[in-house]
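Hi,

Here is the structure I promised to pass on. Have a look at it first, and then read my notes below.

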Amino acid sequence: MSAHAQAAADDPDVLLKQALRYGDLYNWADAASLLLKPSTFIARVEIVAMRYTHTWSAALNYGTTLAPEVSEELGAELDKNPLLQSDNELRLFCLMVRGDIDGEIDAVPMRRDWEAALKVAKVLGDKKWENRASGEIGFSQFLEGDMAAARQKVAGALMGAMMLGDAGAQIRYLAAIGHAFVQMGSYDDSLGYFDKALKIAASTPDTGYPFLVNEGRLQAFRGMGNLDAAEQLADEIIARPLKTKTCQGNSSSNHSRDRSSRKER
């Protein structure tokens, strides 16, 4: 690698920008790998929020026992940290991270976090995060048992993601809907959604391995009795390095199902 290329690779602003790119696509495994680089932590003030993402990623990798502690820490910072009181972009990011953590704990705090995130996104005029927050509220409604409202929210968020060209959210919602169809036994319908998600992932750099999507396909193949396809896909998933299985949007080693499919079981 040339000296110029090496300098670019170690530039904290470049590293942070790429980490944010990965995170925006729900590819937290690769985002975390950049956040572990010491030079990343001397980047501009946004890293104050990014450090919580690393903490959260570690909590997911080692189970949910740390999740309440991380959520409590984030809550205290959101309430007391002057920077997070004045910088709405940082506040939105922290609310997003906390919303995902609380989604591993209970639907009520999850909904609280995402409703707060929605308000901040509206203040910022950030249409993408308004839409994403609305979709996550839909997931919380699903966990609370309000199926009609949940379907409306998630379907609306998928349409919004398509209109906004938000590839990460499209993959996430298509996968969630696909998993829902698997749970209902509508395997052909589920594969249609999973295939759409795979096409978007294949055409979008930096999304990482679509673990959640392929796990859904695996369940669908098994449900259909297509055991040859299921075995082939299972071998592919198992062969992936552990790192690729530890990303929030696609899955993690301990949380390999989307909230909707996990709570339905």
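Of the 265 residues in the chain, 52% are buried (under 20% relative accessible area, with exposed meaning over 50% and partly exposed in between, using a 1.4 Å probe and protein chains only). Before you go further: this is a predicted model, where local features need pLDDT of at least 70 and side-chain atom pairs count only at pLDDT 80 or more, while totals for chains, interfaces and linings use all residues. Residues are numbered from 1 along each chain as its sequence is written, and side-chain values use heavy atoms, with hydrogens and water left out.

The secondary structure is 15 helices and zero strands (DSSP runs numbered from the N terminus: H or I of at least four residues for helices, E of at least two for strands). Among contacts in the chain with a separation of 6 or more, 60% join residues 24 or more positions apart; contact means heavy atoms within 4.5 Å.

Now the core. The largest nonpolar core has 62 residues, and Met96, Trp114 and Tyr173 have the most contacts inside it. (Such a core is a set of buried Ala, Val, Leu, Ile, Met, Phe, Trp, Tyr and Cys residues joined through side-chain atoms within 4.5 Å.) H11 gives the most to this core, with ten residues. Setting aside neighbours within four places in sequence, Met96 touches Trp28, Trp114 and Trp129.

On to the helix pairs. H9 (residues 127-143) and H10 (residues 147-164) have axes that come within 8 Å and cross at roughly 155°. (Axes are lines fitted to C-alpha atoms, for helices over the stretch in contact, and angles run from 0 to 180 degrees between N-to-C directions.) That makes H9 roughly antiparallel to H10; the cut-offs are under 35 degrees for roughly parallel, over 145 for roughly antiparallel, 65 to 115 for roughly perpendicular, and oblique for the rest. By class, their contact has ten nonpolar, seven polar and three charged residues. (Ala, Val, Leu, Ile, Met, Phe, Trp, Tyr, Cys and Pro count as nonpolar, Asp, Glu, Lys and Arg as charged, and the others, Gly among them, as polar.)

H9 also packs on H11, at an angle of about 15° with the axes 11 Å apart, which makes H9 roughly parallel to H11. Asn131, Arg132, Gly135, Glu136 and Phe139 in H9 meet Gly168, Ala169, Arg172, Tyr173 and Ala176 in H11. This contact divides into four nonpolar, three polar and three charged residues.

On H13 (residues 211-224), the partner is again H11 (residues 167-184), at about 20° and with axes 9 Å apart. That makes H11 roughly parallel to H13. From H11, Ile171, Ala175, His179, Val182 and Gln183 meet Leu212, Val213, Glu215, Gly216, Gln219 and Ala220 of H13. The classes here are six nonpolar, four polar and one charged.

Two single residues to look up as well. Val70 lies in helix H5 (residues 67-80) and counts as buried, at 5% relative accessibility. Arg240 lies in the loop between H14 (227-239) and H15 (259-264), and is partly exposed, with a relative accessible area of 32%. Its C-alpha atom is 9.1 Å from that of Phe211, 29 residues apart along the chain.

Cheers
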